[in-house]
Amino acid sequence: MSEGTFEPKIIGFFCKWCTSAAADLAGTSRKKYPANLVPIRFFCSSRIDAQHILHAFENGADGVLIGGCHFGDCHYQDGNYKTARRIALLHNLLKEMGIDKRRLQLEWISAAEGDKFTKVVRKFTKQIKELGPMKGNGV
Amino acid sequence: MKRIGVFICHCGINIAKTVDVEALTEEIKKYPGVEHAENYKYMCSDPGQNLVIDAIKEQKLDAVVVAACSPTLHENTFRNASERGGLNRYVCEMANIREHCSWVHDDKTVATKKASLIIKTIVEKVKYDEPLEPIQVNVTKRALVIGGGIAGIQAALDIANAGVETILVEKGPSIGGRMAQLSETFPTLDCSQCILTPKMVEVSQHKKIKLIAYSEVEDVEGSVGNFKVKIKRKAAYVDQAKCTGCGICYEKCPIKVDSEFEEGLGKRKAIYTPFPQAVPNKPIIDTEHCTFFLKPGKCKVCQIVCPVQAVDFEQQDEILEEEVGAIVVATGYDIYEPEKLKEYGYGTIPDVITSMQFERLLSASGPTVGDVRRVSDGKEPKRIVFIQCAGSRDKENHLEYCSKICCMYTAKHALLYKHRVHDGEAIIFYIDVRTAGKGYEEFYNRVTDEGATYIRGKVSKVYQDNGKIIVLGADTLSGKQVEVEADMVVLALGMVPTRNSEALVRTLKIQCDANAFLTEAHPKLRPVESNTTGIYLAGAAQGPKDIPEVVAQASGAASKAIAILTQDEITFEPTIAGVDEDLCSGCGICVGVCPYNARELDREEMVIKVVEALCQGCGSCSSACPSGAAQQRNLIDRQIERMVVSALEEN
Amino acid sequence: MRIPYYPGCTLYTKAKPLNTSMHACFSAIGVELAELPHWYCCGTTFTLARDNRMSLIAPLRILAKAQQENGKVLVPCSICYNTLKRANYMLNEDTETLDIINEHLEESYDGNEIVLHPLEFLRENEELIKSKVKKNLKDLKVGCYYGCLLLRPQQEIQFDDAESPTIFENFVSLIGATPIDFPLKVECCGSYLVVTSPDAAIEASYKLLRNAQGNGVDAVVTSCPLCFYNLDALQEKMKKAHPGFKQIPIFYFSQILAIALGVEEKNLGLEQNKVSPYEILKEYDLL
Amino acid sequence: MSKLLIDKDFKRRIEEISDQKLSDCYQCGRCTAGCPFANFMDAPPNQVIRFMQLGLKDDVLDSQGPWFCAACLVCQTRCPRGVDIPRLMEAVRVIHLRAKEGLIDVSEIDKELLLDAPPLALMSAFSKYTY
């Protein structure tokens with residue numbers, strides 16, 4: 001695969017209340033964004049285990065985007081704080097594993113931020129394209 | 001292996017325009033586990049739903065995936081359809097190929113490929129989905145209301161009026177709370193007691209309300225629908241059954257002490273009811289001051305004069321056990337400690353008083369029968385300085401928050417003072433005047449119209465100089481420092497949650513914020529619910545608020561309780577997190593992670609037990625569990641892994 | 001007992017009575033004041049600009065010097081006390097600055113020095129003082145004037161409660177006099193505005209003396225040489241501005257302590273007090 | 001009427017020298033209320049801070065308030081927002097003095113006072129008025 005035609009595979013882990021709803025809103029407003037990301041819906045971002053993220057990288061994901069509610073807006077009170085801590089730790093771990101930490105991104109996108117959702121996916125996809133495929137960059 | 005049916009919707013052209021539905025159907029048919037795949041123009045229409053129902057029956061499907069729009073729109077529709085086809089509703093899932101795909105992509109090849117990935121992830125999910133039954137809990141149709149102020153009174157009356165038996169527990173000797181102490185209420189100037197006491201009487205006479213005064217909740221076990229509550233009835237040393245409330249005991253009692261109800265401005269006896277309209281109107285003995293208890297065996301005047309021999313010095317605390325299905329917490333507020341504001345001289349300058357003391361001075365039933373008099377010499381003060389935000393909005397030294405009611409009650413104080421003392425001068429120091437409420441700005445205008453002087457600046461110090469009270473203030477609008485000589489100073493103190501209520505909060509296993517106000521389950525959408533299902537919040541215990549807001553919130557909490565207590569059983573979504581007891585090591589990590597106290601460590605078996613009625617299914621525990629024992633139903637680790645793999649599949 | 005002692009410039013010049021009475025008192029209670037060798041000015045006021053580390057050098061060097069002695073240093077002048085204590089607090093909070101200054105100095109400071117005001121020392125040694133009191137001051141009604149620098153900023157100075165301190169009153173009670181509370185005891189006397197805007201200092205000092213008098217004090221006691229100057233030396237001018245003003249004697253805390261301990265009159269330095277203290281002392285039979 | 005032009009550089013400079021956040025002040029006026037010298041000032045403390053918040057450089061530098069501040073710290077003790085006002089006042093003095101403005105002229109000090117006042121009065125005054 002030549003650099004120019006590299007189409008990254010991206011997994012999106014989204015909470016049902018905010019980011020997934022934002023993706024719905026982006027759709028309803030017909031905002032276009034690249035199709036590289038396949039979303040998986042959770043009740044809360046705090047359900048996302050580090051091993052799920054690592055599992056995604058092991059199985060060929062070039063990037064993982066986590067989406068949750070803004071601080072203070074979590075449907076389950078403080079799940080997003082747990083997520084924030086977990087991702088911060090995981091970023092350190094990725095470094096140890098030789099994975100560029102920019103491949104894992106955490107974003108707070110509320111149900112009203114369809115526009116933000118689109119922008120984040122566009123930017124993240126571009127970033128992963130620039131980083132190139134995981135294969136060959138070492139896992 | 002499950003037989004899975006996939007139903008792909010065109011959504012008119014909404015999906016079909018950018019997704020090659022036919023090619024997609026053919027591809028999905030080949031995916032492992034998929035027994036049946038078809039597409040239809042409008043899957044949510046009756047004929048569309050019938051396709052699903054028929055296919056379930058004819059193809060003997062075990063699970064269904066509908067690839068269409070967002071599950072928020074039609075998940076219920078298709079789960080109902082699946083049920084009609086004879087399937088459990090939890091083995092039907094939706095793949096969102098509209099909002100998440102056809103509407104956001106232009107290229108048909110690309111969109112079709114993504115749609116197939118989305119569908120495959122959901123196919124993987126339903127492979128592991130289990131049939132689930134909603135969780136059902138039997139309901140004890142009784143309510144407990146903790147706190148007998150206006151919040152608790154309102155909640156108890158509302159629940160009882162819905163036909164549900166209600167226990168109202170009050171810590172003090174009488175219900176009525178803070179509202180009973182107030183003079184008149186803003187902005188209408190209704191007499192507080194006049195509107196409150198009928199409600200108090202209604203409580204005492206209501207067939208469905210069991211009033212337990214001078215008592216405290218000691219222990220709460222169980223969960224929504226079935227709480228077991230232990231209530232400590234403190235010894236009153238007066239047999240409540242015999243006592244007729246005639247009052248001879250406290251007339252004859254020789255011991256006088258400062259009355260809490262009168263905020264120290266009046267006296268009560270050692271055997272007393274807090275105020276004449278008390279409910280229940282039965283006295284209690286204050287053992288800290290009663291001669292009999294200080295010098296054992298002495299005095300006994302009350303016992304001697306009681307015509308019905310109700311005084312019982314031998315009485316003991318008693319524990320009552322009750323079972324209830326829901327709890328309303330209405331523990332109320334105290335005012336901020338004025339002693340902490342040393343620069344304002346409370347405690348050293350007798351005529352610097354609190355806002356609550358001023359309420360008592362204004363009250364027709366108060367120590368001065370409603371006349372405004374100085375504490376020091378009983379004279380009528382000709383100039384009163386009111387200091388707003390006394391200790392409020394002061395993150396550095398006192399309370400960070402705004403107590404919301406002080407602007408309005410200070411305006412009321414100024415007005416009532418002007419009504420009592422026509423030539424009196426009311427000077428109000430303020431930072432901002434906050435009058436957000438129906439009729440409030442109008443009320444404030446009335447107060448300024450009637451001659452109260454508002455000065456925008458926070459007072460720095462109050463001190464005595466050669467017999468006069470000097471208030472050091474500023475008028476920021478004119479840029480001047482102002483020194484005011486006053487006859488009396490009233491500190492508009494903020495609200496804090498009732499002191500020593502933290503123990504109760506722990507007992508109830510609900511949460512409170514940094515200021516000890518009770519935390520609601522969601523600040524916007526669930527403002528009267530605690531984080532624990534079945535426990536509801538009412539009144540100033542949850543945050544500063546005025547009477548109408550308290551009453552509204554109390555009714556809200558009551559209606560939440562009624563919604564549960566009028567059913568024989570309540571049902572909950574079954575997609576909660578369970579425990580695999582074989583895997584669980586009892587480490588207890590999930591207990592700390594759970595925001596709802598739904599997980600408890602069984603120390604005998606060293607495994608976690610789940611209180612199913614409390615779990616809200618966030619899955620925090622599943623990701624925190626090191627052994628994989630805590631699995632969220634129908635979203636187990638294995639499912640997520642398979643979904644991830646299928647999402648990354650090359651095609 | 002021996003304790004390192006930092007008098008500061010003023011105690012050798014205009015506030016000699018504070019220095020002589022300090023020495024007299026401490027020798028009467030059996031504590032040797034060990035003056036730091038080759039001490040210099042503390043810098044006089046703690047710098048409030050946060051982009052400047054220069055003014056911390058002088059206090060740091062004094063603290064380092066004291067550290068070589070014993071780990072505690074007694075500082076009677078309120079301004080020196082405030083400057084040293086705040087500088088010490090800041091250096092402990094901001095170890096980066098501490099390291100930078102240390103790098104440039106011969107001596108080095110590790111931040112563990114304790115700056116002690118004599119009133120704090122006396123609080124810690126109540127029994128000792130009690131046992132040495134010889135004269136009963138009990139009817140002398142004393143207003144304790146704290147001023148600013150002993151109290152503020154509270155977090156950094158930790159001397160007493162900044163709004164309603166009692167350490168001074170407790171000291172006065174300890175030696176048998178009657179402390180009289182007056183609300184302006186924590187307000188400013190005008191400080192160094194006496195140099196540039198004397199009227200401001202005269203007014204401020206007048207206001208608080210009048211407040212003390214209104215509460216019935218016979219005399220005002222203070223610890224700060226600058227407060228002492230403003231309260232004492234400006235009284236003539238207060239009288240000019242407010243003809244009804246009645247003069248009132250001002251003492252250093254160490255002067256009344258010395259009287260209670262029975263120190264010889266010549267070591268009290270009373271002759272330098274502008275407002276004569278003799279009448280009141282005679283009235284109470286204390287001389 | 002003049003247009004509001006917020007001098008952000010000036011604000012930043014004040015915040016840097018003082019290590020205070022101007023937005024912390026909510027203008028309750030308590031500093032002015034308790035200031036022993038507010039009546040000598042053309043603009044009392046809260047107004048000087050207001051000028052700072054609005055980035056009104058000239059108004060800040062022209063005001064006499066900071067020169068009457070004796071750093072008694074009563075305002076700092078009572079400020080409900082934790083603003084160290086004396087540091088803000090010092091920042092104004094420092095800006096002047098670093099520009100060699102407002103330095104003290106010893107010849108103008110009262111002779112009697114010069115001989116009489118304790119050295120710390122003079123040193124404090126000098127350290128405030130010199131740089």
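Helix α11 of chain B (residues 355-362) is largely enclosed by the rest of the structure, because eight of its eight residues are buried. Buried here means under 20% relative accessible area, exposed means over 50%, and partly exposed is in between, using a 1.4 Å probe and protein chains only. This is a predicted model, where local features need pLDDT of at least 70, side-chain atom pairs count only at pLDDT 80 or more, and totals for chains, interfaces and linings use all residues. Residues are numbered from 1 along each chain as its sequence is written, chains are lettered from A and ligands numbered from 1 in the order in which they are written, and side-chain values use heavy atoms, with hydrogens and water left out.

- Helices (H or I, at least four residues) and strands (E, at least two) are DSSP runs, numbered from the N terminus.
- The buried residues of α11(B) are S355(B), M356(B), Q357(B), F358(B), E359(B), R360(B), L361(B) and L362(B).
- What do they pack against? In chain B, they meet β8 (184-185), β19 (333-335), β20 (352-354), β21 (383-390), α12 (406-420) and β27 (488-493). Contact means heavy atoms within 4.5 Å.
- Over in chain C, helix α13 (residues 253-260) is mostly covered too, with eight of its eight residues buried. Among them are F253(C), Q255(C) and L257(C).
- After α13(C) comes G262(C), which has a positive phi, near 80°.

**A strand with neighbours on both sides**

- In a regular strand the side chains alternate between the two faces of the sheet.
- Take strand β7 (residues 219-222) of chain C: A219(C) and V221(C) are on one side, V220(C) and T222(C) are on the other, and all of them are buried.
- Strand β5 (residues 141-144) of chain C pairs with β7(C) in the parallel sense over three bridges. Two strands pair if DSSP finds at least two bridges between them.
- C144(C) has V221(C) as its bridge partner in β7(C).
- β7(C) also runs parallel to strand β8 (residues 250-252) of chain C, joined by three bridges. Here V220(C) stands opposite I250(C).

**Aromatic rings**

- Rings of Phe, Tyr and Trp (its six-membered ring) pair if their centres lie within 6.5 Å; planes under 30 degrees apart count as stacked, over 60 as edge-to-face and the rest as tilted.
- That rule gives 26 aromatic pairs over all chains.
- Is the pair F292(B) and F313(B) stacked or tilted? The ring centres are 3.8 Å apart and the planes sit at 15°, so the pair is stacked.
- F292(B) lies in helix α9 (residues 291-294) of chain B and F313(B) in the loop between α10 (301-305) and β17 (318-324) of chain B, so the pair ties together parts that are 21 residues apart in sequence. Both F292(B) and F313(B) are buried.
- Y12(C) and W39(C) have ring centres 5.7 Å apart and planes at 50°, so this pair is tilted.
- Y12(C) is in the loop between β1 (2-5) and α1 (16-28) of chain C, while W39(C) is in the loop between β2 (32-35) and α2 (57-69) of chain C, so to speak a link between distant parts of the chain, 27 residues apart.
- Y12(C) counts as partly exposed, at 40% relative accessibility.

- A charge sits over a ring if NZ of Lys or CZ of Arg is within 6 Å of the ring centre and within 35 degrees of the ring normal.
- K16(A) has its charged end over the ring of W17(A), 4.9 Å from the centre.
- The charged end of R178(B) is over the ring of Y333(B), 5.8 Å from its centre.

**How the chains meet**

- Which chains share the most contacts? Of the four pairs of chains in contact, it's chains A and B.
- Chain A and chain C have no contact, and their closest C-alpha atoms lie 27 Å apart.
- Chain A doesn't touch chain D either, with the nearest C-alpha atoms 23 Å apart.
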